[in-house]
Amino acid sequence: QTQIGPFASKILSIGIGLGGGIALIIMVIGAIRVLTSAGDPKNVAVGREMIIAAVAGLLFLILSVMIMRFIGIRILDICFGPSAFCI
């Protein structure tokens, strides 16, 4: 019989890594836009919005991971991530 725990753990770990990596890339691109804007308010605003969106995405990712860990560990008995999070 197939176990859902290890499969869900692997999928969530990959998704978390991809989400964090994409947010980091967007922050770097936003910072480059701000630094290379040469004082143009439009480019500064675009870069600033990118950075804010990436930070908001990271906060959303962190909160969703916390919720998924709570649901997985407490309700479904699925353990993913470092073993320190498993109770």
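Helices (H or I, at least four residues) and strands (E, at least two) are DSSP runs, numbered from the N terminus. By this definition, the secondary structure of the chain comes to 2 helices and 0 strands. The structure is a predicted model, in which local features need pLDDT of at least 70 and side-chain atom pairs count only at pLDDT 80 or more, while totals for chains, interfaces and linings use all residues. Residues are numbered from 1 along each chain as its sequence is written, and side-chain values use heavy atoms, with hydrogens and water left out.

A residue is called buried under 20% relative accessible area, exposed over 50%, and partly exposed in between (1.4 Å probe, protein chains only). Of the 87 residues in the chain, 17% are buried. Contact is taken to mean heavy atoms within 4.5 Å. When contacts between residues at least 6 apart in sequence are considered, 43% join residues at least 24 apart.

Two residues of the loop between α1 and α2 were examined. S37 lies in this loop, with α1 spanning 4-35 and α2 spanning 41-75. The relative accessible area of S37 is 7%, so S37 is buried. Residues up to four places away in sequence aside, S37 touches N43 and V44. A38 belongs to the loop between α1 and α2 as well, but A38 is exposed because its relative accessibility is 78%. The phi of A38 is near 55°, a positive value in a residue other than glycine. Most residues other than glycine have a negative phi.

Between the helices, G20 provides one example of pairing. G20 is located in helix α1 and is partly exposed, at 24% relative accessibility. With residues up to four places away in sequence not counted, G20 touches L58 and L61. The C-alpha atoms of G20 and L58 are 6.7 Å apart, although 38 residues separate the two in sequence. A further pair is I62 and I16, which are 46 residues apart along the chain and have a C-alpha separation of 8.8 Å.

I62 is in helix α2 and, with a relative accessible area of 47%, is partly exposed. V55 is also in helix α2, and its relative accessibility of 38% makes V55 partly exposed. Both V55 and I62 take part in a nonpolar surface patch of about 480 Å², made together with L59, L63 and M66. Patches consist of residues with over 30% relative accessible area and no salt bridge, where like charges are joined within 9 Å and nonpolar side chains (Val, Leu, Ile, Met, Phe, Trp, Tyr) within 5 Å. A salt bridge is a side-chain nitrogen of Lys or Arg within 4 Å of a carboxyl oxygen of Asp or Glu.

How values were computed
Areas by Shrake-Rupley, 256 points an atom, 1.4 Å probe, with all protein chains shown as cover.
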